[in-house]
Each structure stands twice: as C-alpha cells, then as structure tokens.
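Visitor: I am new to this structure and would like to learn how to read a few of its features. Could you take me through them one at a time?

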Amino acid sequence: MSFSLETKNELCRAPVTRSCCALAEIYGALLVGGVFSHREIRLSTEHAVVARRLSMLISRAFFVDTPPARVGRKYVLRITDERSLRRILSTLGYDFKSHVSYHLNRNMVENDCCAASFLRGIFLIGGTVASPDKKCHLELKSAHRSLCREIMSLMLDMGLSPKFAERGSSALLYFKDTARVEDFLTLLGASRAALRIMEAKVEKEIRNTVNRQVNCETANIVKVADASARQVAAIDRVLARGGEDAFPETLRETVRLRLANPTASLSELAELFDPPISKPGLSHRMHKILALAEKIAPEETQ
C-alpha cells in the first residue's frame with residue numbers, strides 16, 4: 001500500500017461532526033473531481049475507502065444516495081437525475097445552467113474547520129504525498145488553472161504557502177518542505193502520516209550525522225596513517241645512510257619511539273615519552289626529522 005493511500009485511509013477515518021464541514025469536504029472533492037455540471041456529477045477513485053467516504057459525504061450534505069459502482073479498476077459515483085443535481089448545485093451556490101463555472105465559492109469555507117475539510121476533500125481526489133523514505137513532496141492537482149489559483153489564495157489566507165506549477169493540462173499546488181507537508185497533513189487530520197514524515201526526517205538527520213562523523217574519523221585515521229608512514233620512511237632513509245648517529249642526540253628517542261610505534265598518532269606517541277611531552281613539541285621534533293631526511297637522504301622521485 002502506498003503512503004498516499006495510507007494517508008487517505010487515515011483521512012477517511014476523520015469524524016465528520018458538523019454538517020457544514022461535510023458540505024465543505026465534498027465540495028472540495030467535486031471541484032477537482034471528474035464531472036461537475038448541470039447534467040451530470042461524477043467522481044471516480046481507485047480506492048474503495050475513499051469512494052465510501054465520498055458516498056457518505058454526498059448523503060450527509062445533500063441527502064442523495066449514491067452508492068459507488070465498480071468500473072474496471074475504479075469506483076465511480078454518478079448522479080444524473082435532475083432533482084438531485086438541482087439540489088446539489090443550489091446548495092453549493094451555483095445556478096442550474098448549461099455551464100458550471102469552476103470557481104471557489106468562499107461562502108462554503110468561511111470557518112477554519114470548513115476550510116480544512118474543503119482541502120481534505122481536494123486531497124482525497126486530487127492529492128498525492130511521497131513516501132517518508134523518499135524526497136518530501138505533496139501535491140494537489142486540478143484540471144482548472146483559475147480554480148487552482150483560487151484554492152492557492154485560500155491556502156495563503158490560512159497561513160499555508162504552496163507553490164504553483166503547471167504540468168501538461170493540469171495545474172498543481174505543491175509543498176517540498178518537510179515542515180509544511182507535516183503542517184498540511186496535520187491540518188487535514190492525518191496526524192499519524194505527519195508523524196511518520198517527522199520521524200523519517202529525524203532518522204535521516206541522525207544517519208547523515210553519523211555518516212559525517214564516520215567519514216571525518218576515517219579521514220583523520222587515513223591522515224594519521226599517511227603522516228606516520230612518511231615519518232617512518234624518512235627515518236629509514238636516514239638510518240640506511242648513516243645509522244642512528246646521523247640523528248642529533250635530542251631526536252634519537254623520538255626516532256626509536258616512532259619506529260617502535262609506527263601506527264601511533266602524535267598524541268599517543270607523545271604520551272610514551274618519559275616524562276610525556278606535548279603534542280606540539282613532538283610535532284616540532286618530527287618536522288626536524290623530516291627536514292634532516294630531506295637533507296641527508298632525499299626521497300627519490302620517479
């Protein structure tokens with residue numbers, strides 16, 4: 001089951017306690033659904049739970065029974081009798097005429113609860129949301145550009161900030177910011193879906209932090225190993241030319257400890273002196289050893 005369907009299933013369980021909210025929710029679905037005219041109203045969805053929700057809303061809002069019918073892979077709700085169509089269009093504030101204008105009747109969404117229900121209806125028919133393990137993305141799709149702009153204006157008034165785009169013949173409102181997707185789903189009533197997105201975001205941040213730390217530690221280990229290898233190689237070249245006597249007395253203990261501990265970091269090596277010395281002090285000695293090696297037995301270049 002896709003995350004979009006899981007989210008819609010959660011929304012379909014949201015209680016409808018007020019008639020005005022039921023009306024607003026089915027209004028949103030009708031505006032972005034299939035056919036909305038004086039001759040026919042038709043809604044279709046691939047999800048049985050969404051179809052049952054829409055049927056319940058139509059009955060609650062307009063007192064019209066519209067059981068969903070299975071047509072291929074889809075569930076279709078279809079209303080064609082004139083009496084029911086007149087009742088629905090009149091309730092929504094539309095004239096019963098040959099052309100129904102796809103515009104937003106703001107009177108249907110005056111209350112905050114109704115506005116949220118209206119957006120829930122739009123999402124049930126025209127919405128998708130990406131799985132939490134993918135890049136965050138939620139969109140609402142409509143076939144009517146001007147209607148999409150009006151819905152965007154409503155959302156802006158509600159403190160939401162969707163982006164607008166066109167894809168082929170469709171207009172889209174979308175969010176790509178995780179926090180905004182969480183807020184939007186919570187507003188609609190899908191708090192569990194919002195929580196899953198939040199948890200996935202935290203998990204990704206933790207994983208990225210761990211990866212950065214591991215990469216940093218690995219880089220440091222490689223850096224230490226490279227530096228130690230250069231130091232040992234330089235010491236070996238000097239020893240091959242002149243033996244330990246080629247080193248000043250003050251550097252011989254450093255030479256012996258480095259050869260005895262070829263993989264130790266400077267901090268670890270500094271602790272092995274008796275008494276221990278500082279890391280900067282040991283680093284200074286190593287620079288002297290490398291300079292001496294470059295003078296006495298320079299590294300051969302190919």
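**Reading burial, contacts and cysteines**

Guide: Ser 55 counts as buried because its relative accessibility is 13%, where buried means under 20% relative accessible area, exposed over 50%, and partly exposed in between (1.4 Å probe, protein chains only). This is a predicted model, in which local features need pLDDT of at least 70 and side-chain atom pairs count only at pLDDT 80 or more, while totals for chains, interfaces and linings use all residues. Residues are numbered from 1 along each chain as its sequence is written, and side-chain values use heavy atoms, with hydrogens and water left out.

Visitor: Where is Ser 55 found, and with which residues is it in contact, leaving aside its neighbours within four places in sequence?

Guide: Helices (H or I, at least four residues) and strands (E, at least two) are DSSP runs, numbered from the N terminus, and Ser 55 lies in helix H3, residues 48-62. Contact means heavy atoms within 4.5 Å; with those sequence neighbours set aside, Ser 55 touches Thr 66, Pro 67, Pro 68 and Leu 77.

Visitor: Why is helix H1 largely enclosed by the rest of the structure?

Guide: Helix H1 (residues 3-12) is largely enclosed because 9 of its 10 residues are buried, among them Phe 3, Leu 5 and Cys 12. The cover over these buried residues includes H3, helix H5 (112-126) and strand E5 (127-129).

Visitor: How many disulfides does the structure hold?

Guide: A disulfide is a pair of cysteine sulfur atoms within 2.5 Å, and the structure holds 0. The sulfur of Cys 21 has its closest cysteine sulfur in Cys 113, at 3.5 Å, which is too far for a bond.
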